[in-house]
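Work through the exercises below with the coordinates open. Try each task before reading its solution.

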Amino acid sequence: MVNLVAAQKPLMHGLMKMAGIRPYTMEIEPGTVMSFWVPCETVEKPKKKGGGGEEEEGGSGGLRKPTKPVVVLVHGFAAEGIVTWQFQVGALTKKYSVYVPDLLFFGGSTTDKSDRSPSFQAECLGKGLRKLGVEKCTIVGFSYGGMVAFKMAELQPELVQAVVVSGSILAMTDSISEATLQRLGFASSSELLLPNSVKGLKALLSVATHKKLWFPDCLHKDYLEVMFTNRQERAELLEALVISNKDDSIPKFPQRIHLLWGENDQIFKVELAHNMKEQLGEKATFQGIKKAGHLVHLERPCVYNRNLKLFLASLHTDETPK
């Protein structure tokens, strides 16, 4: 039987290309490969030898530097890049050079290294962006991707100009992890974020959305098969995410940080966002979106995009559009 989630991938890829981005795969370092979706205009089509033939999907031609302000969209734990940000890409590509990476063990990205920390994800993402010619960017991170975005801002301030985060926290401490899982009724992060059954996926969607959605069981099964690969490695990513309370500290970020939140987020409640804003200081701002849960960018994409674009425009008010 046809997997409906897999079957729609060519359509998704076509829509992304129409929006102005295309796949590009690169070696970050020996043993580590990352896949990106990058602005079409930054990739030179390789010259074809002889006649006929189409450019290979994800093939690597020469690279040009982006000509517009760069926005990097970093996905969460339950889906790869363009699935997570499918409603944002087209809204941004007219004014911005949009890059959508797949973090390690998502999409086509993989490594033979043993490091599973958010810091290693941030390091590899930063190396990849530099190889792509990115010198300065705004990072938009959702959930797990928000933690990676915070790490990039902390460790690579010369690369990261500003950060937008939705449904995430600075670091997953013992106390936050235990309290969140207990409140939601899950025994572990893997049980919540790595479901292996239709029932488990329905439970994840139930706590991640404000409006209760209905999909047939066959679609849940197809999604589990396509999106939840590399289970062992992803379980290790979750283990490496949690740090001891005594190791928790608040970095002094030089960047502007915007917290764009679903006011009905049940995973990382809005109170956490308000507390984080106070901890981050005067360079942090908060915007809540009503009638939206953890998946705010998918539940209310028009409102999310409008607020995101307002923040991005405020960063570039002195720049002349190209």
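**Exercise 1.** Is N3 buried or exposed?

*Solution.* The model is predicted: local features need pLDDT of at least 70, side-chain atom pairs count only at pLDDT 80 or more, and totals for chains, interfaces and linings use all residues. Residues are numbered from 1 along each chain as its sequence is written, and side-chain values use heavy atoms, with hydrogens and water left out.

Step 1. Set the classes: buried is under 20% relative accessible area, exposed is over 50%, and partly exposed lies in between (1.4 Å probe, protein chains only).
Step 2. N3 has a relative accessible area of 11%, so N3 is buried.
Step 3. Place N3 in the chain: the segment before α1 (4–7). Helices (H or I, at least four residues) and strands (E, at least two) are DSSP runs, numbered from the N terminus.
Step 4. List the contacts, meaning heavy atoms within 4.5 Å. Not counting residues up to four places away in sequence, N3 touches D222, E225 and V226.
Step 5. Look for polar contacts. These are pairs of N or O atoms within 3.5 Å; within protein, one must be able to donate a hydrogen and the other to accept it, and residues adjacent in sequence count only if both atoms are side-chain atoms. The N3 side chain reaches the backbone nitrogen of A6 at 2.9 Å. A polar atom of that side chain also lies 3.3 Å from the backbone oxygen of D222.

**Exercise 2.** Classify L4 and find what L4 is in contact with.

*Solution.* 
Step 1. L4 sits in helix α1.
Step 2. The relative accessible area of L4 is 46%, which means partly exposed.
Step 3. Leaving aside neighbours within four places in sequence, L4 is in contact with L219 and D222.

**Exercise 3.** Describe how α5 and α6 pack.

*Solution.* 
Step 1. Two packed helices are described by the angle between their axes and the distance between the axes. Axes are lines fitted to C-alpha atoms, for helices over the stretch in contact, and angles run from 0 to 180 degrees between N-to-C directions.
Step 2. Helix α5 (residues 118–131) packs on helix α6 (residues 144–155) at about 70°, with axes 8 Å apart. That makes α5 roughly perpendicular to α6, a class that spans 65 to 115 degrees.
Step 3. From α5, the contact uses P118, S119, Q121, A122, L125, G126 and L129; from α6, Y144, V148, K151, M152 and L155.
Step 4. By class, these residues are 8 nonpolar, 3 polar and 1 charged. Ala, Val, Leu, Ile, Met, Phe, Trp, Tyr, Cys and Pro count as nonpolar, Asp, Glu, Lys and Arg as charged, and the others, Gly among them, as polar.

**Exercise 4.** At what angle do α9 and α10 cross, and which residues meet?

*Solution.* 
Step 1. The axes of α9 (residues 198–208) and α10 (residues 217–227) come within 9 Å and cross at roughly 90°. The two helices are therefore roughly perpendicular.
Step 2. V198, L201, K202 and L205 of α9 meet D217, H220, K221, Y223 and L224 of α10.
Step 3. This contact has 5 nonpolar, 1 polar and 3 charged residues.

Key. Angles under 35 degrees count as roughly parallel, over 145 as roughly antiparallel, 65 to 115 as roughly perpendicular and the rest as oblique.
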